[in-house]
Amino acid sequence: MGRFAARSRHPGREAGRTPPGVPRILLVHPSSELYGSDRVALESARAFVAAPARVHAVLATSGPLVGLLDEAGCEVHVLPFPVLRKAYLSPPGLLRLLGSTLRTTPRMLRLLAAVRPDVVYVSTVTVPWWLVLARLYRARVVCHVHEAEQDVPRLVRLGLTAPLLLAHRIVANSRVSEELVVAAVPRLRSRVEVIYNGVPGPPEVTPPRAEPVPPVRLVLVGRVSARKGTDVAVAAVAKLRDRGLDVTLDLVGGVFPGYEWFQDQVRDQIAELGLTGRVRWQGVCPQVWPALAEADIALVPSRVEPFGNAAVEAMLAGRPVVASAAQGLREIVRPGENGRLVRPGDPGELAAAVVDVLEHWPAAREQAERARGEALATFDPAVYRDRITRATLPSAEAGPWVA
């Protein structure tokens, strides 16, 4: 595995043997799971490899994304490095973060020296130290913003955004992400470009049932977290049951390390509401398509959602979508056209929207089919790959690699 726990199917390719004219990219990503930002990082890697570019990917943890990046043609390094978490937002937490950063920096610098990247593509604002080191290394720096933190103190938001001043180019995954970046640091306006995520669809689509005979099958794809509204969906199931509807809810996704307390809280909620057996824990699934194919309606009840991969995936699977009117979801779901929006955090509205879908099922199926066609065009991975490549790799006419 080497000094940086490297893993690659291309052992004969060494940094010094990159063909002339082929840029070297270091793709930095904090996790190795298969949630929205992980899959977007994978699409970016595929785009860069096809450019063509020599792509090294460095991840803070090992997991299923490692193998997929490897298959895509990247040389993968697992190097535990500090990632900003809410747990660090306290004096003791900041001290732990500082200590972790000091311990890890020498290894990060050694990796930069070994790879010698022309471009460092940082896939999230939660790893700002990579922006600093990449700038010191005199590489072109591109940062992909997947965060849209509104309900945080202004000073915290400024602290998350200010490191973007070190980036030559900033990619935002939605208009709301762009607006929050510019609101925090207006000088960044000229550097930001909005590129919607490229979301691959299922290999084949199973049409929704002609009649959603009981039990009606609901699904929520996403992390088990308050941000994703897991508790809201569970409360909505209780309200639907109280209205006499026979429904089930599949929860597809895992809990973020350190937030197991929330999963326990939801388990208690399920028991207290008498929903044991109606709410089913499916855990992390390598592919979401089988769960969506089994579902009648997809719920996306997020309280915070910079983009909303789960809504797009549901559309691509041909499923009616009921989502909350939160941030980036308002850019994806248009009520009456390709889905339904409800007030974030309101299980009553969520349940009422599900009832409305069921009462107008033929129209909902037709709407879902139109939404699928629109999603195929709007979130086409080929379009995403072209745009992210143009944003990351300047053309020969644009000047030298280092700005």
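Mentor: A residue is called buried when its relative accessible area is under 20%, exposed when it is over 50%, and partly exposed in between. Please keep in mind that the model shown above is predicted.

Trainee: Does D250 count as buried or exposed?

Mentor: The relative accessibility of D250 is 11%.

Trainee: With which residue does R280 form a salt bridge, and how do the two lie in the chain?

Mentor: R280 belongs to strand 11 (residues 279–283), and its partner belongs to strand 10 (residues 247–252), so the pair ties together parts that are 30 residues apart in sequence. R280 itself is partly exposed, at 33% relative accessibility. The closest N and O atoms of the salt bridge are 2.7 Å apart, and the partner of R280 is D250.

Trainee: How many residues apart are R303 and D231, whose side chains meet in a salt bridge?

Mentor: The N to O distance of this salt bridge is 2.9 Å. R303 is partly exposed, with a relative accessible area of 35%, whereas D231 counts as buried at 17%. R303 stands in the loop between strand 12 (297–300) and helix 10 (309–316), while D231 stands in helix 7 (residues 230–242). The pair links distant parts of the chain, and the separation is 72 residues.

Trainee: Which residues have the most contacts inside the largest nonpolar core?

Mentor: In soluble globular proteins, nonpolar side chains tend to be buried together. Here the largest nonpolar core has 34 residues. Among the elements that each supply at least two residues of this core are strand 2 (24–29), helix 3 (91–115) and helix 4 (128–136). The residues with the most contacts inside the core are V28, F81, W130 and L164.

Trainee: Is L98 buried or partly exposed?

Mentor: L98 is located in helix 3. Together with L95 and L102, L98 makes a nonpolar surface patch of about 340 Å². Because its relative accessibility is 47%, L98 counts as partly exposed.

Trainee: How many disulfides does a search of the whole structure find?

Mentor: A disulfide is a covalent bond between the sulfur atoms of two cysteines. For C74, the nearest cysteine sulfur is that of C143, at 18 Å, whereas a disulfide requires a pair of sulfur atoms within 2.5 Å. C74 is buried at 0% relative accessibility, and C143 is buried with a relative accessible area of 0%. The number of disulfides found in the whole structure is zero.

Trainee: What is the omega of the peptide bond that joins P214 and P215?

Mentor: P215 is placed in the loop between strand 8 and strand 9 (216–221). The bond joining P214 and P215 is cis, and its omega is about 0°.

Trainee: What is the phi of Q327, which is not a glycine?

Mentor: Q327 occupies the loop between strand 13 (321–324) and helix 11 (329–332). Q327 is also buried, with a relative accessible area of 6%. Although Q327 is not a glycine, its phi is positive, at about 45°.

How values were computed:
Residues numbered from 1 in each chain as written. Predicted model: local features only at pLDDT ≥ 70, side-chain atom pairs only at ≥ 80, totals over all residues. Heavy atoms only, no water. Core = buried A, V, L, I, M, F, W, Y, C linked by side-chain atoms within 4.5 Å. Buried < 20%, exposed > 50% of the residue type's maximum accessible area, 1.4 Å probe, protein only. Helix = DSSP H or I, 4+ residues; strand = E, 2+ residues; numbered from the N terminus. Patch = residues over 30% accessible without salt bridge, like charges linked within 9 Å, V, L, I, M, F, W, Y side chains within 5 Å. Areas by Shrake-Rupley, 256 points an atom, 1.4 Å probe, with all protein chains shown as cover. Salt bridge = Lys/Arg side-chain N within 4 Å of Asp/Glu carboxyl O.
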